[in-house]
Amino acid sequence: MPWPSRKRSQASAEDKKKPETKQAKHESHEEEEEEESMPSAAESSKPAKKSSGWAVKKEASSDGQGSKQVYGHWLLKSEPESRFEKGADVKFGIEDLKAEPNQTACWDGIRNYQARNFLRDMKLGQEAFFYHSNCKDPGIVGIVKIVKEFYPDHTQFDKKDPHYDSSSNKEKPKWSMVDVQFVRMTKRFIPLSELKAHHLAHTESGGPLKNMLLFSRHRLSIQPLTKEEFEFILSLEEEKPR
């Protein structure tokens, strides 16, 4: 099964000219049937029926009623190999990000409501794993950070873009994007197979990857990580591949 993903185009200011480069990659319309009214992670106050492993902590809302989930780390999937949608190559690997001006790009093309809501919860300076998906060797290849919080995704209004959405408008845009900047490559490639082995072991032992969304919502291209999940994966950099 392919691992849908996203990404592309020049970063930051909306009033800049759109780059004449390869177009964004995206969610491949994964789970588009989800309700648009689905609350964002920050808005959700109801606890999950089961422990999900990604409700990092909760803070009281400003009105004193309920609480909101707060996340500090993320996993972002993108495709490093060429794939064409409506004539545009949606390829965007970590080397493409490194080649962008200031090693920064907008994370556009998200067309899944839950992924969009997670994206809207991202805060300036938070770090995320850059995950290569829909390729021969999927896995974590690097770390990026959020350098601009969510703002309207320009591709939803561009009729020539594969991610154009005729149902969205500039007065009330459906889709958002953030800007990310390359931080570093991971000290070694951390493959999906290794993460899955730890997940299976932790499911039995109660370890930090037991509830990792990568294995319960594998089609979701933007995923929150707990501090424990993020730090455990970082620790794998120092280990020999399993």
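In this predicted model, helices (H or I, at least four residues) and strands (E, at least two) are DSSP runs, numbered from the N terminus. With that numbering, E79 is placed in the loop between β3 and β4 (84–85).

**Exercise 1. Work out how the rings of Y71 and F118 are arranged, and where in the chain the two residues lie.**

Solution. The structure holds six aromatic pairs, and the pair treated here is one of them. The ring centres of Y71 and F118 are 6.0 Å apart and the planes stand at 80°, so the pair is edge-to-face, since planes over 60 degrees apart fall into that class. As for their places, Y71 belongs to the loop between β2 (67–70) and β3 (73–78), while F118 belongs to helix α2 (residues 113–121), so that the pair links distant parts of the chain, 47 residues apart. Both Y71 and F118 are buried.

**Exercise 2. Describe the pair that W74 and F118 form, and state which residues ring pairs link into a cluster.**

Solution. For W74 and F118 the distance is 6.3 Å centre to centre, with 55° between the planes, and this aromatic pair is tilted. Here too distant parts of the chain are linked, with W74 in strand β3 and F118 in helix α2, 44 residues apart. Both W74 and F118 are buried. Taking the rings together, the ring pairs join Y71, W74 and F118 into a cluster.

**Exercise 3. Determine how many disulfides a search of the whole structure finds, and whether C106 and C135 are buried or exposed.**

Solution. Recall that a disulfide is a covalent bond between the sulfur atoms of two cysteines. A search of the whole structure finds zero disulfides. Turning to the cysteines named in the task, C106 has 0% relative accessibility and therefore counts as buried, and C135, at 17%, counts as buried as well.

**Exercise 4. Explain why the buried residues of α4 lie on the same side of the helix, and name the elements against which they pack.**

Solution. First list the buried residues of helix α4 (residues 227–235), which are E229, F230, F232 and I233. They cover an arc of only 165° around the axis, and therefore lie on the same side of α4. In general, an α-helix has 3.6 residues a turn, so residues three or four places apart point the same way. Finally, the buried residues of α4 pack against β3, β7 (127–132), β8 (139–152), β9 (176–191), α3 (192–205) and β10 (222–225).

Note on methods
Residues are numbered from 1 along each chain as its sequence is written. This is a predicted model: local features need pLDDT of at least 70, side-chain atom pairs count only at pLDDT 80 or more; totals for chains, interfaces and linings use all residues. Side-chain values use heavy atoms; hydrogens and water are left out. Rings of Phe, Tyr and Trp (its six-membered ring) pair if their centres lie within 6.5 Å; planes under 30 degrees apart count as stacked, over 60 as edge-to-face and the rest as tilted. Buried means under 20% relative accessible area, exposed over 50%, partly exposed in between (1.4 Å probe, protein chains only). A disulfide is a pair of cysteine sulfur atoms within 2.5 Å. The arc is that of the directions from the helix axis to the C-beta atoms. Contact means heavy atoms within 4.5 Å.
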